[in-house]
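I opened a new page for this model.

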Amino acid sequence: MGSDQYQEPAILIVDDQFGIRILLNEIFNKEGYQTYMASNGMQALEIVQEYHPELVILDMKIPGMDGLEILKRIKEKESDIKVIIMTAYGELEKIKQAIKNGAITHFAKPFDIDDVLNAVKKELPLKSK
């Protein structure tokens, strides 16, 4: 970590839906964030371990290891990572569990992209802007 070169904060996008991953990836890239993408829990955890993103946008409905399990494991690895979750509309129980397990906020799908962007900017300001 000794280099002087500043790197913009990194975001990991975890969603099994390709279209959503690509959309979010493009939007955050345009803003100037570094981005990583994962389509399942194992990929997500590997990226967290290797690249240490500051923030994770995590879909709760992921086949295999579900969002709550991914959230718990991310927090075990790196407790200071900020996690924003996305849920289907009306999944209150899941949202409560996720917040209890350390998620900072949530968005119901379909989400407003500006809302997600503003929440991320608030939690993870870009230095160069």
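**Entry 1: an annotated residue**

I looked up D59 and found it in strand β3. Helices (H or I, at least four residues) and strands (E, at least two) are DSSP runs, numbered from the N terminus. I noted at once that this is a predicted model: local features need pLDDT of at least 70, side-chain atom pairs count only at pLDDT 80 or more, and totals for chains, interfaces and linings use all residues. Residues are numbered from 1 along each chain as its sequence is written, and side-chain values use heavy atoms, with hydrogens and water left out.

Next I checked the record. An unreviewed UniProt entry gives D59 the feature "modified residue: 4-aspartylphosphate". UniProt positions are given in the numbering used here, feature names are shortened, and annotations may be inferred rather than shown by experiment.

Is D59 buried or exposed? D59 is buried, because its relative accessible area is 4%. Buried means under 20% relative accessible area, exposed over 50%, and partly exposed in between (1.4 Å probe, protein chains only).

I then listed what D59 touches, leaving aside neighbours within four places in sequence. D59 is in contact with V14, D15, D16, G67, M86 and K109. Contact means heavy atoms within 4.5 Å.

**Entry 2: the sheet**

I traced the strands. There are 5, and they form an open sheet in the order β2-β1-β3-β4-β5, with parallel pairing. The edge strands are β2 (34–38) and β5 (105–109), each pairing on one side only. From one strand to the next, the twist averages 20°. Two strands pair if DSSP finds at least two bridges between them.

I looked at one pairing in detail. Strand β1 (residues 10–14) runs parallel to β2, and 5 bridges join them. V14 has A38 in β2 as its bridge partner.

Helices came next. Helix α2 (residues 41–51) lies across β1 and β2, and runs at about 150° to β2. Helix α3 (residues 67–77) packs on the sheet and touches β3 (55–59) and β4 (82–88). The direction of α3 makes about 160° with that of β3. Axes are lines fitted to C-alpha atoms, for helices over the stretch in contact, and angles run from 0 to 180 degrees between N-to-C directions.

**Entry 3: a residue in β4**

I picked T87, which is found in strand β4. T87 counts as buried, because its relative accessibility is 1%. Leaving aside neighbours within four places in sequence, T87 is in contact with M60, I95, F107, A108 and K109.

**Entry 4: aromatic pairs**

How many aromatic pairs does a search of the whole structure find? The search finds 2. Rings of Phe, Tyr and Trp (its six-membered ring) pair if their centres lie within 6.5 Å; planes under 30 degrees apart count as stacked, over 60 as edge-to-face and the rest as tilted.

F28 and Y33 form an edge-to-face pair, 5.9 Å centre to centre with 80° between the planes. F28 is buried at 1% relative accessibility. Y33 is buried at 2%.

Why is the pair of Y36 and Y51 stacked? Their planes are at 20° and their centres 4.6 Å apart, so the pair is stacked. Y36 lies in strand β2 and Y51 in helix α2, so the pair ties together parts that are 15 residues apart in sequence. Y36 counts as buried at 18% relative accessibility. Y51 counts as partly exposed at 40%.
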